Every structure is written in C-alpha cells, then in structure tokens.
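Hi there,

Here is the structure I promised to send over. Have a look at it first, and then read on for my notes.

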Amino acid sequence: MTGARAFGVLLRNEWFKARKRLAFWIALGFYAFFTLMNHGQPFLERSEGFRLPDIWNAVFGDESTMVVIFAALTLVLLSATEFGWRTARQNVIDGLSKSQWFWGKSLLLPLVGLAFIGVHVLIPTALALMRTDFGAAEGPLVPLSVFQAAGGLGLAFLSVAALAFLLSLVIRRTGAALAVWFLWIGPIESGMLPVLVRRFLPDYTRWLDYLPFSNTFPLLEFRNYDAATYERYAAAVEAAGRTPPPAVDPAWHLITAAAWTALLVGIAFILFRRRDL
Amino acid sequence: MTIIETEGLSKRYAALRGDGTLAVDQLSVQVEAGQVYGFLGPNGSGKTTTIGMLLGIINPTGGSFRLFGGETPAELHAARQRIGATLEYPNFYPYLSCRDNLRVVARVKGSDEADIAEVLEIVGLASRRKTKFKACSLGMKQRLALAATMIGDPELIILDEPANGLDPAGQREIRDIIRELARRGKTIFLSSHMLHEVERTCTHVAIIETGRLVREGSVDELTSARTVAAVGVDGDIEALRQAVSEFEGAGHARVEDGRVLVQIGGAGLSELNRFLAGRGIYASHLSLERQSLEDAFMEITGTPEGFGEIQ
C-alpha cells in the first residue's frame, strides 16, 4: 500500500473512526451550541453590525481562540486514546507501517480543524445572511480578506493543535496530554515565560509574541487582514478616548505558525518512529 | 520456503539507570512454510517482545530477521501484508461494532470487505456483528481477534496467547479454529501456555527462557527423546511422589491421573521398583511412557515457577 492509495485508505479510516465516535460529535455539537449562543443575542436583537459583510469582524476575532482550543481538545481525544486502547499498535500489526500510521493520524489536524472552523464560520454567516439587505450592501459581501482571515485562523489552529498532537503521541494518555497542553498555553506561555524573559532577557521580550499560542492572537483578528475594518476599529477606539493599537502585519505570524506546525509535527514524527508501540 | 528467520535477534529495554533489561538475547529461529510452530516459554521469557519485533511495533536493538525472505524496511512492510496477527490481548476500538472494527482492518490490509462476513461466520460471530466491542465478552473479543487475523487470507498467522483468560469451552473453540487454519495449509506461529494443545496442534516448537533459545525442533523429537516412568500405588499417592522424588537422578515428579510421572534419567524401571520396595512402597502400576511436551518443557526450563498459567 503506497502513494495515493495509501493516502486514500488512511483518510477514509481516520474519518470513519472519527465520525463513528460519539465524543467527536458531542464536542462539535457543544461548540455549535456555544457559537449559536454567542451570536444568538445580536441576531435576535437585529443588531446593526449583524449582517454581511459586517459580520466578518465578529466571526474572526477574540472569540476565535475558543475554536482553536475546542478543536485541539478534540484532536487530543481522537489521537491519545489510540494508545490507551492499543489500537495504534494493532493498526501497525495489521499492516500499516509506523510512518503510515503517523501520517494517517496527522490527517486529523486538517480534518478536525475543518469541522470546527466550518461550524465557527457557517453558523454566524447563515444567521447574518437572514439579516442582510442585499440591495443596500456596499462592496462585496465576502471580500478577499475573509479568505485570508480564514486561512490565518486555520494556520493558527494547526500550530496550536500540532503541540497538542505532539503531546498526545509522546505522553500517550488523554488526560495527561491535555493537562500538559493547558499548562503550556496557560501558566507557562502566558505567565511564567513572560515573567522570566522580562526579568532575565529583557532584550528578547518581543520574541514572546512568536511563541506557539501567543503567535495565534494577531492571526485571529479580522482587522489585521482588512484595512477598512482596521480604520473603523481605530476610529471607534479613538472616539472612546483611547489610543488604538497599531495595525499588525500578519505575514510574519503566518510564517511562524507554519514553522511551528512543521517543527512540532516533525518532532512528533521522529519521536514516534523511535519509540516502541 | 523459510517464512520467518531470525539471526541473533536481541532487544534491550532502556532504563534510566544501569544497562536496562535484556528481554531477547541473540535469538535465532527458523519457521518453514506450512509449519505450525509453537513458541513456548515461561512468563517474561521474551515471547511477546520477539513477536513484537517481527511485527514492527518493537525496534530490535541487535541482530536481524527476515520475513518471507525480505529484510529491508520496504520488503518487511510488504511481507507484513501477508501476515495476520494478534498480540497479547485483543485490541479494537471499543465504540465500534465487531463488523466496523473488521472494516478498519480490511482497509489497512487492502482486503475486500466481503471477507468480513466470511471470517465472522468462521469464528461464530456473524449474529453478533453489530455488537459494540466494549459490550463483547472476553471469548467474543478473542474470536474477533482471530477473525481479524484471517482478513485478507494471510499466508502466515501469528497468535500470541489466543486463548488467554478463556473458559474450557472458549479454549476449545479457539483450538478448533487454529486447527482449521492449519488444515487449510497456513503457516502458524503460536505462542501459548496451553502445552497440551500445542502438543496436539503444533508440528514444531521453540522453547525460550530469559530471552534465549533453549530448544528448537519438531514436537516428535522433543517428546520422544525422553521417556518418563509412570508409577501407581494403591496407597498414599503423595508419599509415593515424595519417595520417587528422592530416587537418584529423578527429575520433577508430579501427580497426574492418580499416577506419579517422573523423568528417571538412565535408570531402569526395575531399579526404581527396587528403590521403592526398599522404602516399603509397592507399586501397583509401573510403565515407561513417552514424555509429554509439558514434561519436556518443565525439564528444559527447570522448575514450573513463573509458568503459573499452564492449562
């Protein structure tokens, strides 16, 4: 089993195992409910900005952090259990090479990402469509910057999920992998490391923005992809008597996210190949 | 044709301190096509580690092996497509049904999903095909594992303790399936504690102890090379066993079917009879019998300690 056929088999098997798993649907359903609740109030109140194309600023924003976290949690759930059940070992006994098993499992990163980001984008978009006056809309309803923001969100998810994936394969226990992952994105990356770097390496503080989780924040904001949205945002902040933060060019953060993804998945691959199942 | 060939195969598990554990030590065995090969050894002797190395889930730390003549990673990967195997306990997705678990296996093996109905029929799970694995009894799980090994009609079937934890009826079912596979001409590599069954089913055996090969050969060679004395008495059988144990050159004496069986080395029955009479024990039965595989195993590996699951 090689090449395209192997890819097809691995993809079909991973999707088959995921779609038959109740935990996957519960996690996705819970996120769909969360998204619906989040956008339900402005939808019911017919809020001013709850229509196309204004909705994109609400779709790609701070709340996108939740989709990254939910999807990464689900990824750990779907990958670490293969070790507890010893099905990873059985898949190899049944004829997959260890490399094939690894790459098959890594297909969960885009699969899970697509499912959760799909829910994250489609629910508010569908609601906003119902409130959109197509005759009155100025400019395209779905500008190019939406695709850029969606790509940024996808890459942000991949970089954070790659860390979760690495921990799943190294620790091989769902609870412990999740605990270490939360420990990293919370107390370590957002608490301990900044304190240590500011104290002992003050010249390097700007590099903190490029750590796996911190690097995702600029990628989640729609205003970083859309100049007009940034101008509106800056004007609103100024009107409130505050100084707006400068516009962030997401290019370096996109490159960094891609680099983190490649590095973390690469380390996971090397460690997985070297260890016994 | 040689199906499995290991040369000095070794595995040392790393430890934080010291040299670690040498689980398999310079193991060299050879399995030919069509053989039903029993792989025996006490608990912790390295059987599962050896099978794990053959199946690609454990990385060897020394030596080499060939499967179907192939040795390179690509050749071994291709060879493993011709193997059906289970290792230790049945490992399946608990939330999937028996049939869906076999679907996953069939896809991995590149096999037709039509095989699934056939193998479920063979192992007697056709009517339980929709039962989730987590709801299966241990016997059903073992049978499902056997069914999985048969998907894709493999040439070599490797079974590691396929009847572990089963009641006598379950063991009998598993034994019948293995015999059927052997009858179909499959090469079978069987690691088992069921020495009586191994003796009845296998054509060849290898015995390993603390990771080293201590004996390899046909079952006939192993069992006919030694004879045991069977001694019966109308009185206290335990006193007889005790007395026989003290006979010069006697091996491990055990009671079976109301008789004491013992390896007596070069001595004859008349000497044993005289010895017992000298102790005031008069045998009601005295004969030489071919040694069972279990006797041979006990003699080769020493004591029965560490082999607590003989069935």
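A salt bridge here means a side-chain nitrogen of Lys or Arg within 4 Å of a carboxyl oxygen of Asp or Glu. By that rule, 4 salt bridges are counted between chain A and chain B. In one of them, the side chains of B:E88 and A:R86 come together at 3.0 Å, N to O.

Before the rest, a word on conventions. This is a predicted model, in which local features need pLDDT of at least 70 and side-chain atom pairs count only at pLDDT 80 or more, while totals for chains, interfaces and linings use all residues. Residues are numbered from 1 along each chain as its sequence is written, chains are lettered from A and ligands numbered from 1 in the order in which they are written, and side-chain values use heavy atoms, with hydrogens and water left out.

**The interface**

Polar contacts (pairs of N or O atoms within 3.5 Å; within protein, one must be able to donate a hydrogen and the other to accept it, and residues adjacent in sequence count only if both atoms are side-chain atoms) link 16 residue pairs across the interface of chain A and chain B, both residues being at pLDDT 80 or more. On the side of chain A that touches chain B, the elements giving two or more residues are α1 (3-19), α5 (87-93), α6 (98-106) and α12 (251-274) of chain A. Helices (H or I, at least four residues) and strands (E, at least two) are DSSP runs, numbered from the N terminus. That side of chain A has 8 nonpolar, 7 polar and 14 charged residues, where Ala, Val, Leu, Ile, Met, Phe, Trp, Tyr, Cys and Pro count as nonpolar, Asp, Glu, Lys and Arg as charged, and the others, Gly among them, as polar.

With contact taken as heavy atoms within 4.5 Å, 29 residues of chain A and 27 residues of chain B take part. The two chains bury about 2700 Å² between them, 52% of it on carbon and sulfur atoms; buried area is the accessible area (1.4 Å probe) that two parts lose on being put together, summed over both.

**Salt bridges overall**

Over all chains, the structure holds 26 salt bridges. One of them joins the side chains of A:E82 and A:K17 (3.1 Å, N to O). A:E82 lies in helix α4 (residues 64-84) of chain A and A:K17 in helix α1 of chain A, so this pair ties together parts that are 65 residues apart in sequence.

**Backbone details in chain A**

The peptide bond from A:L52 to A:P53 is cis, with omega near 0°. A:P53 sits in the loop between α2 (22-44) and α3 (56-59) of chain A. A:R172 is not a glycine, yet has a positive phi of about 65°; this residue is in the loop between α8 (144-171) and α9 (174-200) of chain A.

**A strand residue in chain B**

B:G62 belongs to strand β5 (residues 62-67) of chain B. Apart from neighbours within four places in sequence, B:G62 is in contact with B:G8, B:L9 and B:S10. B:G62 and B:L27 are 35 residues apart in sequence and 9.8 Å apart in space, C-alpha to C-alpha.

Best wishes
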